[in-house]
Amino acid sequence: MGLIIKNANVLNAAGELELKDITIEDNRVTGIIDAGSEVEVSGEVIDAAGKLVAPGFIDMHVHLREPGFEHKETIATGTRSAAKGGYTTIACMPNTRPVIDTPETIKLVLDKAATEGIVRVLPYAAITKNELGRELTDFAALKEAGAIGFTDDGVGVQNAQMMKDAMTLAASMNMPVIAHCEDESLVVGAAVNEGTFAKKHGLKGIPNESEAIHVGRDCLLAEATGVHYHVCHVSTEQSIRLIRQAKQFGVKVTAEVCPHHLLLSEEDIPSMDANWKMNPPLRSPRDVQACIEALEDGTIDMIVTDHAPHSQEEKAKGMQLAPFGIVGFETAFPLLYTKFVATGKWTLDFLVKRMTADPARVFGLETGKLEIGAIADITIVDLESVQGVNPETFLSKGRNTPFTDWQLKGWPVATIVDGKLVWSAE
Ligand SMILES: [Zn+2]
């Protein structure tokens with residue numbers, strides 16, 4: 001059985017839109033032909049008239065919360081939320097309970113994803129047992145079980161020797177180390193950025209250098225070990241400076257940024273509402289500008305959501321006590337399209353590549369492209385539709401977003417994984 005997507009607006013090699021019909025057989029794209037041509041493929045027909053048809057989005061930083069925190073999210077709900085956001089591949093972080101630090105837990109996640117998930121789930125494994133920073137996990141066994149990289153996301157690896165050992169081992173098996181950069185000695189008990197909001201409300205702040213110190217340390221360790229080092233959710237001007245310098249020096253460093261760090265600063269936080277609390281926190285307008293420029297000049301390689309669902313009860317505890325994190329799948333594309341593409345700052349091609357081809361390139365994935373022979377992971381987006389963000393409509397269990405009621409343009413309407421329609425708006 002095949003699938004035909006008719007009247008698709010497809011980005012060509014020059015980054016311009018062309019009207020095409022796309023044929024899919026089994027799980028592969030078999031044809032991208034001028035719209036209206038006669039084709040012989042039996043199967044379902046999707047009319048994409050007026051809509052963008054792009055490679056499925058890839059999100060290399062997400063929290064699915066399973067096992068252990070199923071009240072926040074499950075692999076079933078998280079992958080549905082991802083599909084609704086146009087994502088066909090997501091890479092999940094190991095800070096679950098138990099922590100994903102054994103081959104058994106990797107297998108559990110992969111099995112659940114295969115039976116209950118609807119998009120591709122790529123698991124990361126922890127660098128250290130229980131993410132406690134004391135003892136390395138069994139990298140070889142974790143790789144064998146299907147881990148795609150090593151990270152203690154949620155916390156930084158505090159000890160430089162531990163990080164160097166991890167990088168040396170990962171490099172020897174050609175695996176990346178992915179780092180949440182945070183020096184804990186600088187952030188004890190802080191919930192927001194060390195800046196204007198913290199000052200106004202008499203709160204402790206998280207300083208920029210708590211992130212950048214780890215970025216600088218780890219760039220040096222990556223240089224020494226030759227590992228592929230990937231920096232999570234970059235949020236500060238100082239981190240960017242260090243990544244830029246390391247890249248210029250030939251260090252194998254890559255980086256990601258989240259939509260909220262491109263769109264919001266601490267000056268936008270309206271109240272002590274914990275839906276504005278995430279880690280790293282919303283920084284100064286100057287940091288936001290630095291993140292935008294770093295993405296534009298290639299210092300930052302890709303956009304990720306850091307989708308981090310929490311229950312309403314947990315987020316109701318207020319700015320100081322609530323857990324860090326906001327949901328991201330279902331608003332990422334419309335947010336970025338509305339604020340950067342519809343305003344003429346970026347081309348559509350630029351945005352799509354940072355969410356598809358670039359993460360695929362950095363992590364060596366086979367997906368992320370729409371061409372003949374490619375795996376048929378596809379997202380269809382209505383670039384004209386305008387809707388307000390309504391958390392009640394989220395497929396995620398999490399409702400924790402600072403973007404409620406934002407009027408956004410460019411909503412995904414259908415998502416195809418491995419040649420099969422897994423979600424559609426109708
Ligand atoms: Zn993190």
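Helix H6 is largely enclosed by the rest of the structure, because 13 of its 18 residues are buried, buried being under 20% relative accessible area with a 1.4 Å probe and protein chains only. The model is a predicted one, in which local features need pLDDT of at least 70, side-chain atom pairs count only at pLDDT 80 or more, and totals for chains, interfaces and linings use all residues. Residues are numbered from 1 along each chain as its sequence is written, and side-chain values use heavy atoms, with hydrogens and water left out.

Helices here are DSSP runs of H or I with at least four residues, strands are runs of E with at least two, and both are numbered from the N terminus. Just after H6, Gly-226 has a positive phi of about 80°.

**Pockets**

A pocket is an open set of points on a 1 Å grid over the protein atoms alone, where a 1.4 Å probe fits, with protein on both sides within 12 Å along at least five of seven lines; its lining residues have an atom within 4 Å of a point. A volume is the space filled by probe spheres set on the points, which are joined across faces, edges and corners.

| Pocket | Volume | Lining classes |
|---|---|---|
| Largest | about 550 Å³ | eleven nonpolar, eleven polar, seven charged |

The largest pocket has a volume of about 550 Å³. Its lining has 29 residues, and Asn-95, Gly-154, Val-155, Asn-279 and Phe-324 are the closest to its centre.

The second largest pocket is lined by 15 residues, with Leu-11, Pro-55, Lys-353, Lys-369 and Leu-370 nearest its centre. Strand E1 (2-11), strand E5 (52-55) and helix H12 (348-354) each give this lining at least two residues. Domain 1 (2-53 + 374-388 + 406-424) and domain 2 (57-363) each contribute at least three; the domain bounds come from an automatic or database assignment.

**Cysteines**

The whole structure contains zero disulfides, a disulfide being a pair of cysteine sulfur atoms within 2.5 Å. For Cys-291, which is in no disulfide, the nearest cysteine sulfur is that of Cys-258, 9.1 Å away. Cys-291 is buried, at 1% relative accessible area. The sulfur of Cys-92 is too far for a bond, because the closest cysteine sulfur, in Cys-232, is 13 Å away. Cys-92 is also buried, at 3% relative accessibility.

Methods: Ala, Val, Leu, Ile, Met, Phe, Trp, Tyr, Cys and Pro count as nonpolar, Asp, Glu, Lys and Arg as charged, and the others, Gly among them, as polar. Buried means under 20% relative accessible area, exposed over 50%, partly exposed in between (1.4 Å probe, protein chains only).
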